[in-house]
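Visitor: Hi! I'm new to this one, could you walk me through it?
Guide: Happy to, let's bring it up.
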Amino acid sequence: MVVSRRGAPSRAPRGVSECLHRVLIGDCVAEMAKLSANSVDLIFADPPYNLQLASDLRRPDDSRVDAVDNDWDKFASFAAYDEFTKSWLTACRRILKPAGTIWVIGSYHNIFRVGAIMQNLGFWILNDVIWRKTNPMPNFRGRRFTNAHETLIWASRDANAKGYTFNYEALKAGNDDVQMRSDWSFPLCTGEERLKGADGKKLHPTQKPEALLARIILAASRPDDLVLDPFNGTGTTGAVSKKFGRRFIGIDRETKYANAAQKRIAEVEVVPSPSIASFVTAREAPRVPFSALIERGLVTPGARLVDAKKCHKALVRADGAVALGDTVGSIHRIGALAQGLEACNGWTFWHVETPKGLKLIDELRAVVRSEMAEAAESSA
């Protein structure tokens, strides 16, 4: 497997198109069968957990807990649940692009069965992620540990999947330059974010928080990607997808959930494009030679390049090379020579003097790259 830790493809980043957002009402397997094979970039699935509640769940004061006791979460046996799981995962795998990935969330009731079936079908597990709930429901009977987490499985379509999206650098940058870990802390969905029915009670018993979906979508997709949720519920995946410029298809059997989701998604405003543009790493950014800075007038021939402490000075030549004494070479070679090193990144070593102080030439390169991106976008 080739692991891509990129924030954007090597080609020019894709722009945000006029996004498509659909909520389909029906059986997810049947509806996915209508979609083209290899058409979906990212799937988030929150299937029934098969909680197997045999009776009402009650608090110590004998009041009833509003638990998940809906018909859609009931299965006759483990075998029936496994067959259901195999069916929808098979449908997901058919429509997933070769470089697409899938996230599945569950509790101890079902996630181990789901994970085994995923492996049997050919999915390749990339990570399991623990969602630690900061405000979990207590264990009212005091006979077990408080169930304070759920598990997410992140998988590629195949073991040899190449180029799947993982916005590693962007996640790290947003985490104070520390690698993002596989244990995440978010509160349960509460307050104004929780959708309510006409009776004032929560519309769906397992509505997921937008913060959880935001991390998943920002980690494993890019603007204009197609995201699919086969168990759409109240549309959290769709709302977050639209907010961040992704296209979306949701599927749910329950009309009341689908209607609520459509209304919710319609009210979402897309974040401005610059705030959701793909994170382009230095390795993936368009190559800009030092001579391009001279051609654009950002650096003039005859100017002096200096290091941050002004200990070393190099002369800028009209051809894009720089000179240190009698030695002429690239900004990298001359930077290494000045320091007595084997190698040097000249972009982060040399500065030019301006009326406002020293300016790193890498900042000038960023100006050129910005102009290139604007030119590419206008010609697209």
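Predicted model: local features only at pLDDT ≥ 70, side-chain atom pairs only at ≥ 80, totals over all residues.

Visitor: Great. In what order do the strands of the open sheet run?
Guide: The order is β12-β11-β10-β9-β13-β14, six strands in an open sheet with antiparallel pairing.

Visitor: What holds strands together in general?
Guide: Strands of a sheet pair through backbone hydrogen bonds, and they can do so parallel or antiparallel.

Visitor: Back to ours, then. Which are the edge strands?
Guide: They are β12, at 327–329, and β14, since each of them pairs on one side only. From one strand to the next, the twist averages 40 degrees.

Visitor: Which helix packs on the sheet?
Guide: That's α10, residues 331–339, which touches β9, β10, β11 and β12. The direction of α10 makes about 140 degrees with that of β12.

Visitor: Let's zoom in on β13. How many bridges does β13 share with β9?
Guide: Two bridges, in the antiparallel sense, between β9 (residues 304–306) and β13 (residues 351–354). V306 has H351 of β13 as its bridge partner, and L305 stands opposite V352.

Visitor: And how many bridges are there between β13 and β14?
Guide: Four, again antiparallel, with β14 covering residues 357–360.

Visitor: What joins β13 to β14?
Guide: A hairpin, which passes through two residues.

Visitor: Changing topic: are α6 and α7 roughly parallel or roughly perpendicular?
Guide: Roughly parallel, because their axes cross at roughly 20 degrees and angles under 35 degrees count that way. The axes of α6 (residues 236–243) and α7 (residues 255–266) come within 9 Å, and the crossing is right-handed.

Visitor: Which residues make the contact?
Guide: From α6 there are T236, G238, A239 and K242, and from α7 there are R264, I265 and A266. By type, this contact splits into three nonpolar, two polar and two charged residues.

Visitor: I also clicked on N259. Where is N259 found?
Guide: N259 belongs to helix α7.

Visitor: Is N259 buried or exposed, or something in between?
Guide: N259 counts as partly exposed, because its relative accessibility is 41%, and the range for that class lies between 20% and 50%.

Visitor: How far apart are N259 and G233?
Guide: They are 26 residues apart in sequence, and their C-alpha atoms are 9.8 Å apart in space.

Conventions:
Residues numbered from 1 in each chain as written. Heavy atoms only, no water. Pairing = 2+ DSSP bridges. Axes fitted to C-alpha atoms, helices over the stretch in contact; angles between N-to-C directions. Parallel < 35°, antiparallel > 145°, perpendicular 65-115°, else oblique. Left-handed = near helix turned anticlockwise from the far one by under 90°. Contact = heavy atoms within 4.5 Å. Nonpolar A, V, L, I, M, F, W, Y, C, P; charged D, E, K, R; others polar. Buried < 20%, exposed > 50% of the residue type's maximum accessible area, 1.4 Å probe, protein only.
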